[in-house]
Amino acid sequence: MKSFMFVHPFFYDTFIRLLYLDGLKILKKIVGVKKNVFEAGCGYGRLQKYIDPSCSYSGIDLNKKFIAFGRKRNRDIHVGNVLDVSRYRDSDVILLADILHHLTLNDARKLLAIAVRFAREKILIIEPTFVIIGSYNNFFSRIIGKIMKWLDADGINEIEKWLTRDEYDALFKSLKESNNIKEMRITHFRRHHFVEMLV
Ligand SMILES: C[S@@+](CC[C@H](N)C(=O)[O-])C[C@H]1O[C@@H](n2cnc3c(N)ncnc32)[C@H](O)[C@@H]1O
């Protein structure tokens, strides 16, 4: 079942702003200027406002309401599955923001393999760090983990599990190695991992 957050962008936007405040303000610096950015799992394209205006931005998502909302605001976003290669565009930066933890590990690996094919410079993964609270093996964590799964239910996937910090580190490392990524940089900023994979 879809959580209220994914029913209308207004709910998502309000909740996510309260949760992260200005947590994405370093995105502009990480992405740089005059880049083509393609976001897989773009929602309603809210990240466009965090990148430099000299960059082009496009994206795909399966939430039709989110896409229609973003398109009304002139965002170059389209309905499409992140696992469908035919929906991608070659771009300097492939952005995967807040999407990996929605997918099974198997699909996360497929997504990375696709992103590598289309990224000219880098893949930028953004994942929340606070979600590891849901991964601990105690009563409170299990309750919090269930509430987070309910809140973050996108209506497309079922979140399998919340990863521990070590599991996140292991996942990033294995994605780097299995895709022959040249260099990986990880920045922690305001409750997010920013993982740059330079191709
Ligand atoms: C937490 S939201 C993040 C949205 C956006 N990246 C942002 O940061 O605002 C996750 C998004 O992934 C989308 N999504 C999940 N699985 C998908 C799939 N297989 N194909 C396309 N979009 C998908 C959902 O519809 C949802 O909009």
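Tutor: Residues are numbered from 1 along each chain as its sequence is written, and side-chain values use heavy atoms, with hydrogens and water left out. This is a predicted model, where local features need pLDDT of at least 70, side-chain atom pairs count only at pLDDT 80 or more, and totals for chains, interfaces and linings use all residues.

Student: Is strand S4 mostly covered or open?

Tutor: Mostly covered: seven of the seven residues in S4 (residues 91–97) are buried, meaning under 20% relative accessible area with a 1.4 Å probe, protein chains only. Strands are DSSP runs of E, at least two residues, and helices are runs of H or I, at least four, both numbered from the N terminus.

Student: How many bridges join S4 to S5?

Tutor: Six, and S4 and S5 (residues 119–128) run parallel. Strands pair if DSSP finds at least two bridges between them. Val93 has Lys122 in S5 as its bridge partner. From S4 the chain passes through helix H4 (residues 105–118) to S5 in a right-handed β-α-β crossover: with the strands pointing away from the viewer, the path from the first strand over the helix to the second runs clockwise.

Student: And what about S1 and S4?

Tutor: Three bridges join S1 (residues 36–40) to S4, again parallel. Phe38 is partnered with Ile94 in S4.

Student: New topic. What lies 2.5 Å from a ligand oxygen atom?

Tutor: A polar side-chain atom of Arg46. For Glu39, a polar side-chain atom is 2.6 Å from a ligand nitrogen atom. Ala97 places a backbone N or O atom 2.9 Å from a ligand nitrogen atom.

Notes:
Buried < 20%, exposed > 50% of the residue type's maximum accessible area, 1.4 Å probe, protein only. Polar contact = N/O pair within 3.5 Å; in protein donor to acceptor, adjacent residues only side chain to side chain.
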